[in-house]
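This report describes a single protein chain for a reader who has its sequence and coordinates at hand. Please keep the structure in view while reading.

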Amino acid sequence: MTTPRVFIIRHGETEWSLNGRHTGTTDIPLTENGEKRIKATGRALIGDDRLIVPRKLAHIFVSPRKRAQRTLELLSLGCREKLPWEEQRSHPDADIRTEANVEITEDIREWDYGDYEGITSPEIRELRKRQGIGGPEGKWDIWKDGCPGGESPEDVTERLDRLINIIREKYNAPNIGKHHKDAPPGDVLLVAHGHILRAFAMRWVGKSLQDGPTFLLEAGGVGTLSYEHKSLLEPAILLGGGFIVDVTENTGHEEGKNKN
């Protein structure tokens, strides 16, 4: 019986992710090392016997930011259709591995940092101290305070809940609990950013953003969400997911041969 998964992948390393600068609307490229690490991730985790099985993907969502789109390119999923920003498909028919379409959506773009765009957390605290916000230490918690001139936790929750509903109703519901041979592809892949994907994971399991996450997602990191008991009513964070291996049951003839 099938249980669909939702894979979340943070874009690869950038100069700003290296030095801790908040990168929301700014479009900056991956570093050379970031590109190499994403390619390695694709080789290690994507394939018929790997964590992410391309033919089981029903849909792929990607942020409008170029760093996320480049990350998706480097994963080499082998989509049949060209990527939305390509003039033509970059790989031959022989390399097609999935029928999943790629959709660019604002719902999974990074948190809009507003006045805090491009600066680090220590710099934000210093700014808040000068502004008389956050007490004598200028305390700041994005999960509770949001970003002046940008998005609040409520803003982010609204767009993530909208996307989660689409994923569950359109892609997961037709797949969950079906026999493998009868189930359409039901897995979904999201390629986006650090804060928004951590927020997505929290909303996936019905947690308030104001509670704050107690987990991290490194640049280029991969996470997995799914369901308990093959039920859409029991969404869960999958802490350890096994690789997929198709098991073919032996026929009676084969079993007989094995006994000889």
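His195 is buried, its relative accessible area being 15% (buried means under 20% relative accessible area, exposed over 50%, and partly exposed in between, with a 1.4 Å probe and protein chains only). The residue belongs to helix 7; helices (H or I, at least four residues) and strands (E, at least two) are DSSP runs, numbered from the N terminus. Leaving aside neighbours within four places in sequence, His195 is in contact with His22, Glu110, Trp111, Tyr113, Ile142 and Trp143, where contact means heavy atoms within 4.5 Å. Between the C-alpha atoms of His195 and Arg109, which lie 86 residues apart along the chain, the separation is 9.7 Å.

## Basis of the model

The model is predicted: local features need pLDDT of at least 70 and side-chain atom pairs count only at pLDDT 80 or more, while totals for chains, interfaces and linings use all residues. Residues are numbered from 1 along each chain as its sequence is written, and side-chain values use heavy atoms, with hydrogens and water left out.

## Overall architecture

The protein chain has eight helices and six strands, and from the N terminus on its elements run β-α-α-β-α-β-α-α-α-β-α-β-β-α. Of its 260 residues, 47% count as buried. Among contacts with a separation of 6 or more, 71% are accounted for by residues 24 or more positions apart.

## Nonpolar cores

The largest nonpolar core has 34 residues, and Ile108, Ile167, Leu190 and Phe200 are those with the most contacts inside it. Such a core is a set of buried Ala, Val, Leu, Ile, Met, Phe, Trp, Tyr and Cys residues joined through side-chain atoms within 4.5 Å. Helix 7 supplies the largest share of this core, seven residues.

Not counting residues up to four places away in sequence, Phe200 touches Val6, Ile8, Ile108, Leu160, Leu163, Ile164, Ile167, Leu190 and Leu225. Another core, of 21 residues, lies apart from the largest one and includes Leu51, Ile52, Ile60 and Ala100.

## Packing of helices 2 and 3

The axes of helix 2 (residues 32-45) and helix 3 (residues 66-75) come within 8 Å and cross at roughly 45°; axes are lines fitted to C-alpha atoms, for helices over the stretch in contact, with angles running from 0 to 180 degrees between N-to-C directions. The contact involves Glu35, Ile38, Lys39, Thr41 and Gly42 of helix 2, together with Arg70, Thr71, Leu74 and Leu75 of helix 3.
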